[in-house]
Amino acid sequence: MFDAIALNVSNMSAGAALATIGFTMVALPSSVSGVNLVGASLIAFILSIPEIVVYTMMTRRVSRTGGDYIWVSRTYGGLFGSALSFMGYTVETMAYLALIALSAIFAIGSVGLFFYPSSSFSLGLALPGDLAGSTPYVQLVVGALIFAILIGINIFKPKYGYRLVSVLALVGVVAMVVGILALVSAGQTGVANYMNGLSSAVNDPTISYNAVASSYTGSTFNWAGSLFLLPFFAIFVYPWLNAGPAVASEIKGTRAIKWNVPIASFLVMILVTTAFGAMYYAGGFQFVTAALSNPTLVYTYSFNFWTLAMGAVNNTYVAWFLGIGWVLWTLAVLAYGIIVTSRYIFAQAFDRFLPERLATISPRYGSPVVTLLLELVVTVGLVAAGAVLYGGFQSLYAAVIASMIYFFFVGIAAVIHAFRNEKGTSKGILSLSGGLMAIVFAFIVYQFLTNPTIWGTSATALGIPGYEFAYIYVIASFVLGIVIYLASKSYHKNKGINIDLAYKEIPPD
Amino acid sequence: MKTRIFFASDVHGSESCFRKFINAAKFYDANALILGGDITGKALVPIVERPDGRFRLSFEGEEVVVKKEELPTYIKTLRNSGRYYFMATEAELAELEKDKAKLDALFLKTMKEVLRSWISLAQERLKGTGVKCYISPGNDDRLELDELLQDSENVFNPEAKVVELESGNEMITVGYANPTPWKSPREVPEDELFKMIDGVASQLKEPSKSIFNLHVPPHGTELDKAPVVNSELRYEREGLGQLKMTNIGSTAVRRSIEKYQPMLGLHGHVHEVRGFIRIGRTLCVSPGSDYVAGTLKGAIIDLESSAIKEYMLTSG
């Protein structure tokens, strides 16, 4: 059960969310105010409850490697189901991993900058790639190196793959709890001392505690403002319940299958909400809101939960632990992503949608070498696109829309499954939850599309705005999925096998 | 001649898995069905009638009390997940719990009844289709079941024999396993297992075109990785609680494959694993098992001119 929960906790990238919220807050239009992150986190969690129910019920009913890919492909059939999963999970996850790799680079740069403020190397890593002082090519090299090392571990020492996720996630969770306690114990005095010290050190009175706090005059909670942040929580946290289910057939024990999704989800909700709450408790709502919306603080001084806790705690050892914990949390997400993506690719190769070669385990290393190398090449390519072409991880937000569309169809698949296979209360609960889940994700997709420069970037490269590039990536991956399926079907038909049969249930009677 | 094999294993008493297995012939257009052992279930669930007319039973790890009209749904779920059941009163159950031999006899009787009904079903559904169905015991199947697994018009027990498929390929079958923590009915030391396999394989006319239907997968491959089980039959864990994995396959199976280099190896035994590997020129396939969910995992293998033309894992 621990592994399954650790996988899901890593999947729900709480550590990265707490680090990157400022980039979104800075980008919000002035019409959006009263964004209360505690309220927004709770709203997002409540809206994810139908999905928690769907994943819990479906995992118990169809516990197979590939998880929701199996539910989707069996419900919609090979052509649409495979293309949808290919777009919404297999290919999108690689974009998400590129996003997290860039956020790991941001974490490394920020921690370096915290301890060595004059380090231009750290600044180059911490700044978005399109700002002066950033070093996008170094970001690319560091990102590629990190990902290559993790891929290397999975190739040469595959048995350490799960353990690595568990260890990294555990350190990340402990660091987050320590960060929360550090902020609570430091209180307003600790936060004010840190900010005033920073203000004096860089000789910038506009970032002193009082100057920042007094710059916010809005309300402490606004429904529309808080709801506006739903895509942020969708990108990083609450919908990502599919890691445990993807390895469901490897989970031992009915308790683990039954509880891994709700426990992981609830745990992450507590962590994320409490962490934002601790920021408000220590720094005050006005200060935290203003600081997270202040471009100088967010870009130049990497202001976020982690750096605020590191500064307010006033203890070098604890600050180092927090910094390392932040970096390790992002690495946990990458380590998890590598494992789970390979499971999806395996399931798709077993179904003959993807080439058999991608389900082949190297007899020498005992790992899927080709699959892992494919993940490496695509992800590093996307890190390059994000860092060099479009200036940072935010540019990859728009690609996450693919998963939101995918989750919409997972909800519909649950409804179809309920009507086909369930009776009585189970039918009612699953169909209602599936329907609500679909509505929630339809709304999130709407939010993405109506604010493409917030949930994406307007930065332009090769004459294409970043969000359009991401949408092209999403559409191209769906079309590619269709093409691959039809090509595979034709290829296997010539050899006498109808791959459509892999997506159909044999009638028992 | 072209032959399409549908291979599955480890259905462990699951009614829906067996029915799907038989229907796989028509569904996948297969002309040879091979069930590679571990046919029978592992649990017998008492359903106790209460004085109030309702029924008490253990269901998915919980004690539940259900109305008479709900009972068929529960029984269907039990049977589809491989659990047998029997009806009893509280007094009858108490007596059985005291007398383990009587309980064991009831378990065996139930196993036999189900297996008998399955063989009848296979004969009835496959009659006149030309499909040959090979059902052999695995290490978990008790020796007393062999009397039921007799050859008929279209259902055959290929255990410890060389049988010739329509494609002309010879197939040998051994359902015995190397020792397991469960001390199952058909286990022998590795050396003895090798002798058993070798004794049948040495009768092959063309080993290079043969099929080795050996229940246990070859040792030291991706097909034999399973969680370590301790002497108390609990999964061992390591580090932060991860399942400790090890290779539980047979060195005898591996040696025999390396010695004879058959065209195809068909394996089961390790439910968690699903895939295909090569040992030299031999393609070894293990479809895995998800009998608890009532899902039949299988493999389609097309043979043509004594060569493997194509293969695909299935799950349905």
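**The interface and folds of chains A and B**

About 3,500 Å² of area is buried between chain B and chain A, and carbon and sulfur atoms give 55% of that area. The model is predicted. For the complex, the predictor gives an ipTM of 0.77 and a pTM of 0.83.

The contact involves 38 residues of chain B and 38 residues of chain A. Salt bridges between chain B and chain A number 3. Lys20(B) takes part in a salt bridge with Glu505(A). The closest N and O atoms of Lys20(B) and Glu505(A) lie 3.1 Å apart. Polar contacts also cross the interface of chain B and chain A: 7 residue pairs are found, with both residues at pLDDT 80 or more.

Several elements of chain B build the side that touches chain A. Helix 1 (15-27) of chain B supplies at least two residues. So does each of these strands of chain B: strand 12 (225-227), strand 13 (237-238), strand 14, strand 17 (275-279), strand 19 (297-304) and strand 20 (307-315). By residue class, the side of chain B that touches chain A holds 17 charged, 14 nonpolar and 7 polar residues.

Chain B itself contains 6 helices and 20 strands. Its C-alpha atoms fill a box of roughly 65 × 55 × 35 Å along the principal axes. The radius of gyration of chain B is 20 Å. A compact globule with 316 residues would have a value near 20 Å, so the two agree.

Confidence in chain B can be read from its pLDDT. The mean for chain B is 92, and 97% of the residues reach 70 or more. Among the elements of chain B, strand 11 (residues 211-214) has the highest mean pLDDT, 98. The lowest, 65, belongs to strand 14 (residues 242-243) of chain B. Strand 14 of chain B is also one of the elements that supply at least two residues to the side touching chain A.

Chain A has 21 helices and 2 strands. Its radius of gyration is 22 Å, close to the 23 Å that the globule rule gives for 509 residues. Chain A is therefore as compact as a globular protein of that length. The C-alpha trace of chain A spans about 75 × 50 × 45 Å along its principal axes.

The mean pLDDT of chain A is 88, and 94% of its residues score at least 70. Among the elements of chain A, helix 16 (residues 305-312) has the highest mean pLDDT, 96. Helix 1 (residues 2-11) of chain A has the lowest, 62.

Methods:
Residues numbered from 1 in each chain as written. Chains lettered and ligands numbered in written order. Predicted model: local features only at pLDDT ≥ 70, side-chain atom pairs only at ≥ 80, totals over all residues. Heavy atoms only, no water. pLDDT = per-residue confidence, 0-100. Helix = DSSP H or I, 4+ residues; strand = E, 2+ residues; numbered from the N terminus. Contact = heavy atoms within 4.5 Å. Buried area = accessible area lost by both parts, 1.4 Å probe. Salt bridge = Lys/Arg side-chain N within 4 Å of Asp/Glu carboxyl O. Polar contact = N/O pair within 3.5 Å; in protein donor to acceptor, adjacent residues only side chain to side chain. Nonpolar A, V, L, I, M, F, W, Y, C, P; charged D, E, K, R; others polar. Rg over C-alpha atoms; globule rule 2.2 N^0.38 Å.
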